[in-house]
Amino acid sequence: MTYGGSTYVSLAAGNFNVTPGSNTSQWAVLVPAGVPGSAGSKGATGATGSAGPIGPTGVPGVAGLAGSPGATGAIGPTGATGAPVAFQGSWSNLATYSTGDAVSFNGSSYISLSSSNLGHNPASGAPWGLLVQQGSTGATGSTGVTGAIGAAGSTGNTGPAGAASTVAGPVGPTGATGATGATGAPIGFQGVWSNLTIYSIGDAVFFNGASYISLNSGNLNHIPAGGAPWALLVQQGSTGATGATGATGAIGAAGPTGSTGATGAASNLAGPVGSTGATGATGSTGATGSPVTFQATWSNRVGGRYYGS
């Protein structure tokens, strides 16, 4: 706190009704009062004022005794060194501060005047003392001069192509109908272009799949695809996509039998051996023959009998 021109800091808790500077165990000088300045020089005597009106005669007062000047008091002893100031940053209601701790709060600085300082708003007074008052906001400066326009930056890299959209954009409005052009020369198709033919205005030719029209007369040996004096009349269409393979057609009817060819010349080479034919079926059993009787050596006469057949 300030007292008698000096700023004091409390050195003890429960400091009540003790005049700052009267007890060095309770108070310490934080910022001493400045030394009185020297007496200024005597000013010049002012001009004599005009005489005022004579006042009524006053009652004579009793003359007092002149007092003698008092002696100059001795310089008091230097006070004890106060607690060191320790800056603790922004004030927090969760921190416990000691005597001499300084904090920042709402733009001003405050110093703790006691220990165990917890949860006290610095701007509310004791146990805090104002250390440095926040300065007032300065006047708004004048608007600066607009700077010169900077040079154009270099062209940036081309960004990647955006993804193709599947949504068709809105159809634009139909434009106004243009003025009717002048009637052109009648078109006369002259077939395939020839470099030996002289073409007139309106002559049309066929060249490399497209059609072109002559823009002036006396048009000789100018390739139609080379531009003037020719103009594209009908652009050749791009090749269409290959169509799907058609279904297989039905098998046609058998053709008539061809005539017999001529007999070939006889070959002297043996043909290949044919494969063995299949075994024929077993024949039926024949009729039983007459019984056979063995008669030993033949004789034209045996016992007066003849041989059986």
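Select Phe105 first. In this predicted model, Phe105 has a relative accessibility of 15%. Buried means under 20%, so Phe105 counts as buried.

Keep both side chains on screen. How are the rings of Phe105 and Tyr110 arranged? They form an edge-to-face aromatic pair. Trp91, Phe105 and Tyr110 make one aromatic cluster.

**A second ring pair**

Move to Phe207 and Tyr212. These two also form an edge-to-face pair, with 6.4 Å between centres and 65 degrees between planes. Are Phe207 and Tyr212 buried or exposed? Both are buried. Across the model, the count of aromatic pairs comes to 6.

**The largest core**

Pick Trp193, Tyr199, Val205, Phe207, Ala210, Tyr212 and Trp230. These 7 residues are the largest nonpolar core. Which elements give two or more residues to this core? They are β12 (203-207) and β13 (210-214). In soluble globular proteins, nonpolar side chains tend to be buried together.

A second, separate core has 5 residues, among them Tyr97, Val103, Tyr110 and Trp128.

**An exposed strand residue**

Now select Val192, in strand β10 (residues 188-192). Is Val192 buried or exposed? Its relative accessible area is 61%; exposed means over 50%, so Val192 is exposed. Show its neighbours. Val192 touches Tyr199 and Phe206, with residues up to four places away in sequence left out. Then draw a distance from Val192 to Ala204. They are 12 residues apart in sequence, and their C-alpha atoms are 9.0 Å apart.

**A buried loop residue**

Go to Ser114. Where is Ser114 found? Look in the loop between β7 (108-112) and β8 (117-118). At 14% relative accessibility, Ser114 counts as buried, because the cut-off is under 20%. What does Ser114 touch? Tyr97, Ser98, Thr99 and Pro127, not counting residues up to four places away in sequence.

**A patch on the surface**

Switch to a surface view. Select Val85, Leu131 and Val132. They form a nonpolar patch with about 230 Å² of accessible area together. Click on Leu131, in strand β9 (residues 128-132). Its relative accessible area is 33%, which falls between 20% and 50%, so Leu131 is partly exposed.

**Zoom out**

Show the whole chain as a cartoon. It has 0 helices and 15 strands. Of its 309 residues, 15% are buried. The chain exposes about 25300 Å², and carbon and sulfur atoms supply 57% of that area. Last, think about contacts between residues at least 6 apart in sequence. Of these, 22% join residues at least 24 apart.

Definitions and conventions:
Residues numbered from 1 in each chain as written. Predicted model: local features only at pLDDT ≥ 70, side-chain atom pairs only at ≥ 80, totals over all residues. Heavy atoms only, no water. Helix = DSSP H or I, 4+ residues; strand = E, 2+ residues; numbered from the N terminus. Buried < 20%, exposed > 50% of the residue type's maximum accessible area, 1.4 Å probe, protein only. Contact = heavy atoms within 4.5 Å. Areas by Shrake-Rupley, 256 points an atom, 1.4 Å probe, with all protein chains shown as cover. Patch = residues over 30% accessible without salt bridge, like charges linked within 9 Å, V, L, I, M, F, W, Y side chains within 5 Å. Salt bridge = Lys/Arg side-chain N within 4 Å of Asp/Glu carboxyl O. Core = buried A, V, L, I, M, F, W, Y, C linked by side-chain atoms within 4.5 Å. Phe/Tyr/Trp six-rings, centres within 6.5 Å; stacked < 30°, edge-to-face > 60°.
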